[in-house]
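Subject: Structure for you, with notes

Hello,

Here is the structure I promised. Please open it first, then read my notes below.

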Amino acid sequence: MQLSISGHHIDVTPALRQYVTGKLTRLERHYDHITNMHVVLSVQKLDQRAEATAHVSGAELFADATSGDLYAAIDMLADKLDRQIVKYKEKVIARRHGRG
């Protein structure tokens, strides 16, 4: 999986980069056909926002999360993407077995 991390009104420090990489590489445990992922971290006044677009074979999944703490927003983002990937994988398997 190719992971690109960028910041909007924020400098992406090595600690943030390592935290995002650690959280989002666990998504490959559920579905290993993730080709690339683009993560944007941004700050707007008191809101810290993390959004990601994951390109998988046959689809594009998007999730975003907003919180007062950037690390909490990254955690929520990883959980949302995890649920979407599991749902997509179940959908692909059901289609392959003729139940969809």
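Start with Ala78. Ala78 is buried, because its relative accessible area is 0%. Please keep in mind that this is a predicted model. All the values here are computed from it.

**Ala78 and its surroundings**

Ala78 sits in helix α2. Which residues does Ala78 contact, leaving aside its neighbours within four places in sequence? They are Lys23, Leu24, Arg26 and Leu27. The C-alpha atoms of Ala78 and Val20 are separated by 8.7 Å. Along the chain, these two residues are 58 apart.

**The chain as a whole**

Now step back. The chain has two helices and four strands. Read from the N terminus, the order of elements is β-α-β-β-β-α. The C-alpha trace spans about 50 × 20 × 15 Å along its principal axes. The chain has 100 residues, and 33% of them count as buried. Contacts across the sequence also deserve a mention. Take the contacts between residues at least 6 apart in sequence: 47% of these join residues at least 24 apart.

**How the two helices meet**

Ala78 belongs to the contact between α1 and α2. Two packed helices are described by the angle between their axes and the distance between the axes. Here the axes of α1 and α2 come within 10 Å. They cross at roughly 20°. The cut-off for roughly parallel is an angle under 35 degrees, so α1 and α2 are roughly parallel to each other. Their crossing is right-handed.

Which residues meet there?

- From α1: Ala15, Leu16, Tyr19, Val20, Lys23 and Leu24.
- From α2: Leu70, Tyr71, Ile74, Asp75, Ala78 and Leu81.

By class, this contact of α1 with α2 has ten nonpolar residues, two charged residues and no polar ones.

**Aromatic pairs**

How many aromatic pairs does a search of the whole structure find? It finds two.

One is Tyr19 with Tyr71. The ring centres are 4.8 Å apart, with 80° between the planes. This pair is edge-to-face. Tyr19 lies in helix α1 (residues 14-24) and Tyr71 in helix α2 (residues 70-96), so the pair ties together parts that are 52 residues apart in sequence.

Tyr31 is in the loop between α1 and β2 (34-44), while Tyr88 is in helix α2. The pair links distant parts of the chain, 57 residues apart. Both residues fall under the 20% cut-off for buried. Tyr31 counts as buried at 7% relative accessibility, and Tyr88 counts as buried at 11%.

**A threonine in a strand**

Next, Thr53. You will find Thr53 in strand β3 (residues 47-56). Buried or exposed? Thr53 counts as buried, at 18% relative accessibility. Residues up to four places away in sequence are not counted in what follows. Thr53 touches Asn36, Met37 and His38, and also Glu60, Leu61 and Phe62.

His9 has a positive phi of about 65°, although it is not a glycine. Where is His9? It lies in the loop between β1 (2-8) and α1. His9 is exposed, with a relative accessible area of 64%.

Lys45 is also a residue other than glycine with a positive phi, near 55°. Lys45 has its place in the loop between β2 and β3. At 82% relative accessibility, Lys45 counts as exposed.

**If you have only a minute**

Look at Ala78 in helix α2. Then follow the contact of α1 with α2, including Tyr19 and Tyr71.

Best wishes

Methods: Residues are numbered from 1 along each chain as its sequence is written. This is a predicted model: local features need pLDDT of at least 70, side-chain atom pairs count only at pLDDT 80 or more; totals for chains, interfaces and linings use all residues. Side-chain values use heavy atoms; hydrogens and water are left out. Rings of Phe, Tyr and Trp (its six-membered ring) pair if their centres lie within 6.5 Å; planes under 30 degrees apart count as stacked, over 60 as edge-to-face and the rest as tilted. Buried means under 20% relative accessible area, exposed over 50%, partly exposed in between (1.4 Å probe, protein chains only). Axes are lines fitted to C-alpha atoms, for helices over the stretch in contact, and angles run from 0 to 180 degrees between N-to-C directions. Angles under 35 degrees count as roughly parallel, over 145 as roughly antiparallel, 65 to 115 as roughly perpendicular and the rest as oblique. A crossing is left-handed if the near helix is turned anticlockwise from the far one by less than a right angle, and right-handed if clockwise. Contact means heavy atoms within 4.5 Å. Ala, Val, Leu, Ile, Met, Phe, Trp, Tyr, Cys and Pro count as nonpolar, Asp, Glu, Lys and Arg as charged, and the others, Gly among them, as polar.
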